[in-house]
Each structure stands twice: as structure tokens, then as C-alpha cells.
Amino acid sequence: ANHPGPANMSQVAKEFHFDGPQRDEMLGGIVAIVFFTAGAVFSLIAGRLADLMKRTTLVSGCMLLGAAGTFANSRVQNFGSLLVCRGAVGAALGGLLPASFAIVGDMYPADERPHAIAMMAVISGLGPALGQGLAGFLGSSAGWRAPFALVGAAGLLMSLLLFALQKEPREVEQDMDEESRRYCGALCSALKKRTVILTCLQGIFGCVPWAVISTFLTDYLATNAHLGVPGATAVLFSFGIGCFAGTAVGGKLGQHLYKKDKRLQPWLMALTVWGGMIPFFILFSAAGAWGHPWLFHLLALLGGLMAPVAGGNAKAVLLNVVQSRSRGTVFGVYNIMDDLGKGLGPALVSSWVRPLGRRSSFMLGILFWLPCGLFCWMMTRTVLRDDLSEVQAEEAPTRDPLTINEEQIESSCDKGEWHSCEATVSPPMSLYSSSMGDTPSTKPQARAVPIGKAVDEASSCDEC
């Protein structure tokens, strides 16, 4: 989790003597700023390291740092110590994201990345969901420190296990050009593409509503809607179910649309962002005023189904427009754009609480999904030009099946090995017809034959 117990915010505020709006400003605003500022700074460092070293080693190190910070959070005695621990966890998360998504880009081709990222998001989403549930139910009985101790200990064990079992999916490039080796060169080269800039902009605005939901929703429902911590946690559980389903379906649908027409994927992102905004706008409006608990569950489920679709597909779009040797650097910057929304979002929204009240402030924060959807729509105009898989397909050379590799022949013949000069001959596909009795599974395989015989066979094929 990225916040010191949203489900137990009032409990933490009572221990540190924060009352009324100060609770939202200190625990919702200041903590978020420290968390995401540390993540932003370390994201730049770790993103660049992900292009220069083994990415699996970097992932394990970040996991270890995050687990240690989470466990230490259970032992803090003052607000300053709390900020240090949250900063350590923020730095760990900031380094983990660019390295992890760069690994996904190494492991999967372009048309399989949306679904792969969706599955990764579903699995990683179990953490915040279980963390919020644990904080809500265990925190109510054992205190807000207990969930941090349990999650931190489990994280330490998992980080050591990953370090022992992970394997690097790619070789670290040793022969990078000068521009790729320089941080500014690699970054400026990527930022020349409008799709990269639009993806970062949608991340800034799109993360503000997510920050409002993750930071304030549980406490808002528990206090303003009078549901109590268990009731508010149950609503968040409905939201989690919607997120899991929406992420999985959105990744698969995005992958299908990408194969059909690359412009349809950003269209999907824009429509689901705007569609997910409506249920949460109604939820914050209804809570504590006229809504019923079953309505809160329904709205949270609907919002969860649509809201996460854009995030997973945006990362897939970014992977497809950036070269592998620069992915860590670019995702480090993208993570900063996310952190601007996640970190400044709660601080900005909490600053509105005094003049506007909680309900109006949170509803205004949800409306940040409007410009997010607009930037997603603008990607439909740029993604075809920037997608690297399209460029690689256009630049791929067309080989004549009867062409003899002259460079290999000359290299072999220069050594005086005339007797071993051989060429590969593959009969043209047009020679295979049903009248000849050949099927795709029984086509003759290419074979190595002497040069003279290769030329004779080529001539006989032309006569056929």
C-alpha cells in the first residue's frame, strides 16, 4: 500500500493529535508529498540503472527496501519517523515500476503486451487490495501498526526469494551508441514522439482521481457516510473486484483492438476513463447525503470495471513506441508524471477541504479524469506514426527464397575452402499446390547443397 492506513486514518490522526481538516492535510497531503517525491527522485535514478544493469537485480533490491520501510512503519513513535518510512517505501516503488515494465517489454512482443501488463496489474493489484482489507479488519482490532508489521515481514521474505529465483530475460547492451549512453540523449530522443508526451500528460491528470480514491474514499465513507471502517472497507472490496475484472478484460480487449487497428486502443482508453468518472462522481455526491450502502457497492464496482482500463493500456502504448535500451529511462520519467498526480493530487484536494468541504473537494478531484480522457483521445492521431512495431515491419527486407548469400560464399571461398562452399535453396511458395500433393505440414525443408548444384536446381525451378 502507498499510504499509512487509509482505512485507519482517523486512528493514526488520533495518536498523533491531528484533528479535523489537519487530519487530511497531514496524513492525506504531507505524507503523500513525501511518498511520491521520494518515488519521483528514485524513479529517475532506477530508470536509468534499468538500462545499464540487470533489471532483475534492481527489482529485488527495490523490493527489499520497500519491505524494510513498511516493517519499520510499524515501529514509529512520531510523525517525523512516519515520513521517513513512507519516503523509503516511496523510493522503492519508484524504482520498482520502471524496471518491472521494462522487463515486460523484453519478455513479450508488441501485440501481446497489453494483456501481459493487465495480468501483471491484476497480480500486483492483490497487494493494495489485501493491504486495505488487512488494514480495515486487522487494524480495527489489533491497531493500525499490526498490518504494517505483517506486510513488511512477508515482503522481506518475498524479496529474498525473488533475488534467488529471478532470471534476466535479456543481455545488457555493451555497444550502445553515444546518444543512448547519455541520459539526456536517450530521454530527448524518446520525447520527440508526441505519443510519449501525451501518455505522460494523461498520467498526470489521471492519477489525481486515483489518489483521491486510495487516500480519502475509505475514511470518507466511514465518517461522512457513517458506514464505519468495516462497512467502508467492504465498499472498497467491491471496488477491488471491479478493478480486477476491468484490468483483465481491458488488457485483453486492448490487445485485440491493437491487432485490429492501433488507433482503437487509445479510443478504448478515452472512453473508459470518461465512463469510470461518472460512478465515482455520483458516489462522492451520494455518500452521507442520500445514498444507500448497496448503491455505494454498485457504483464502486462499476467505477472499478472501467477506471483501470486506461492505465494498463497506456503502459503498453509506451512500451511499443520506445526502444528497449531506453525503456527504463522513459518509464522512470513516466513514473514521475504519475507521481505528480498521485503526490500533488491529495495535497491539492486537501487544500480545498477548508473552503469547499470534503464532498465538493473530492468531487472536483474526480473531474481530473476529463482532461485525462482528452489526452488519450489525442493519442489516436499520433500512435500510428510513433509505433515501433509498424516501423520495423516496413523496414524488414523481403528475401528471395532462391537468393544465395554471396557474403557467406565469398568468406568461405576466400579461405580456400572451395570444396565446402554451399548455399541454401528453398523452392518458392508458388511451387506448392494441391495438385502436387504438398501441404503446409509436408513442405520440403531448405537444405544445404554445393554451389553448382544449387544453380542447376534454381534453373530447373524457373523452367517449372
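Start by selecting helix H13, residues 309-321: 12 of its 13 residues are buried, so the rest of the structure largely encloses this helix. Buried here means under 20% relative accessible area, with exposed over 50% and partly exposed in between (1.4 Å probe, protein chains only). Helices are DSSP runs of H or I with at least four residues, strands are E runs of at least two, and both are numbered from the N terminus. Color the buried positions of H13, among them Val309, Gly312, Lys315, Leu318 and Val321. End to end, the first and last C-alpha of H13 are 19 Å apart, close to the 18 Å expected at 1.5 Å a residue; that expected span is 1.5 Å times one less than the number of residues.

A word on what you have open: this is a predicted model, where local features need pLDDT of at least 70 and side-chain atom pairs count only at pLDDT 80 or more, while totals for chains, interfaces and linings use all residues. Residues are numbered from 1 along each chain as its sequence is written, and side-chain values use heavy atoms, with hydrogens and water left out.

**Next stop: the surface**

Show Phe237, Ile241, Trp294, Leu298, Leu301, Leu302 and Leu305 as a surface, and you have a nonpolar patch of about 650 Å². Helix H10 (228-260) and helix H12 (293-306) are the elements that give two or more residues to this patch, with H12 supplying the largest share, 5 residues. Patch members have over 30% relative accessible area and no salt bridge; nonpolar side chains (Val, Leu, Ile, Met, Phe, Trp, Tyr) are joined within 5 Å, like charges within 9 Å. The areas come from the Shrake-Rupley method with a 1.4 Å probe, and for residues only the protein chains shown count as cover. Click on Leu302 in H12: its relative accessible area is 36%, so it is partly exposed.

**Then the rings**

There are 18 aromatic pairs in the whole structure. Rings of Phe, Tyr and Trp (its six-membered ring) pair if their centres lie within 6.5 Å; planes under 30 degrees apart are stacked, over 60 edge-to-face, and the rest tilted. Pick Phe205 and Phe368: centres 6.2 Å apart and planes at 25 degrees, so this pair is stacked. The two sit 163 residues apart, Phe205 in helix H9 (residues 194-223) and Phe368 in the loop between H16 (358-366) and H17 (369-378). Phe205 is partly exposed at 25%, whereas Phe368 is buried at 19%.

Move on to Phe331 and Tyr334, whose centres are 6.0 Å apart with planes at 70 degrees, so they are edge-to-face. Both are buried. They lie 3 residues apart in helix H14 (residues 327-351), about one helical turn. For a cluster, select Phe16, Phe18, Phe79, Trp144 and Phe148, which ring pairs link together.

**Last stop: the charges**

Side chains of opposite charge can pair when their charged atoms come close. The whole structure has 7 salt bridges, each a side-chain nitrogen of Lys or Arg within 4 Å of a carboxyl oxygen of Asp or Glu. Zoom to Arg145 and Glu15, with closest N and O atoms 2.5 Å apart. This bridge spans 130 residues, from Arg145 in helix H6 (residues 145-165) to Glu15 in helix H1 (residues 9-15).

Finish with the network of Arg48, Asp51, Arg55, Asp106 and Arg327. Asp51 meets Arg48 at 3.7 Å and Arg55 at 3.1 Å. Asp51 and Arg48 are buried, and so is Arg55.
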